[in-house]
Amino acid sequence: MSGTTYSTFQSSSYSSSSDSSGNQYTEATVSNPSGTTVHRTSQEAGQPAVSETTRIPAGGTAAVQGGADSDRRIEDVTDTERQYEENMEDEYAKREGGA
């Protein structure tokens, strides 16, 4: 016997969501002995889909491919967060009969 052990472990997951504005988001993850691959797709209503694939080798560092642009930028989401909070307040008010 050679003493070599072979692993056949594999795990996968998939999630998908959308909101009332028509924005969509999906994520699929596959892990096996060689590493993990995460594929994400997002699409804002009326816009083309943006795909991003991240490969993480076993014991390694992530390598990102694709995305909206290759420069990676920091985006101010203050207005987006404020709008989300206002929308949530409106929804709660509707449910409580206040709007």
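The side chains of glutamate 52 and arginine 40 meet in a salt bridge, with 3.6 Å from N to O. Glutamate 52 belongs to strand β4 (residues 50-57) and arginine 40 to strand β3, so this pair ties together parts that are twelve residues apart in sequence. The structure described here is a predicted model.

The two partners may also be described by their accessibility. Glutamate 52 has a relative accessible area of 17% and is buried, because buried means under 20%. Arginine 40 has a relative accessibility of 28% and counts as partly exposed.

Which other residue meets the side chain of arginine 40 in a salt bridge? The partner is glutamate 27, at 2.9 Å from N to O. This pair links distant parts of the chain: arginine 40 lies in strand β3 (residues 35-43) and glutamate 27 in strand β2, and the two are 13 residues apart. Glutamate 27 counts as partly exposed, at 22% relative accessibility.

How many salt bridges does the model contain? The count comes to three. Besides the two pairs described above, the side chains of glutamate 91 and lysine 94 meet in a salt bridge, at 3.5 Å from N to O. These two residues are three residues apart in helix α1, which means that about one helical turn separates them. Glutamate 91 is partly exposed, with a relative accessible area of 35%, whereas lysine 94 counts as exposed at 52% relative accessibility. Through shared partners, salt bridges join Glu27, Arg40 and Glu52 into one network.

Side chains of opposite charge can pair when their charged atoms come close.

Alanine 28 is found in strand β2. Alanine 28 is partly exposed, and its relative accessible area is 27%. In sequence, alanine 28 and histidine 39 are eleven residues apart, while in space their C-alpha atoms are 5.2 Å apart. When residues up to four places away in sequence are not counted, alanine 28 touches Ser13, Tyr14, Thr37, Val38 and His39.

Threonine 29 is also found in strand β2, which comprises residues 24-32. Is threonine 29 buried or exposed? Threonine 29 is buried, for its relative accessible area is 16%. Again leaving out residues up to four places away in sequence, threonine 29 touches Ser11, Ser12, Ser13, Thr36, Thr37 and Val38.

## A negative patch on the surface

Which residues gather in a patch of negative charge on the surface? They are Glu81, Glu85, Glu86, Glu89 and Asp90. One of these residues, glutamate 89, is found in helix α1 (residues 78-95). Glutamate 89 is exposed, with a relative accessible area of 54%; the word applies because exposed means over 50%.

Definitions and conventions:
Residues are numbered from 1 along each chain as its sequence is written. This is a predicted model: local features need pLDDT of at least 70, side-chain atom pairs count only at pLDDT 80 or more; totals for chains, interfaces and linings use all residues. Side-chain values use heavy atoms; hydrogens and water are left out. Patches are made of residues with over 30% relative accessible area and no salt bridge: like charges are joined within 9 Å, nonpolar side chains (Val, Leu, Ile, Met, Phe, Trp, Tyr) within 5 Å. Accessible areas come from the Shrake-Rupley method with a 1.4 Å probe; for residues, only the protein chains shown count as cover. A salt bridge is a side-chain nitrogen of Lys or Arg within 4 Å of a carboxyl oxygen of Asp or Glu. Lys and Arg count as positive and Asp and Glu as negative; His and the chain ends are not counted. The place of a charge is taken as NZ of Lys, CZ of Arg, CG of Asp or CD of Glu. Helices (H or I, at least four residues) and strands (E, at least two) are DSSP runs, numbered from the N terminus. Buried means under 20% relative accessible area, exposed over 50%, partly exposed in between (1.4 Å probe, protein chains only). Contact means heavy atoms within 4.5 Å.
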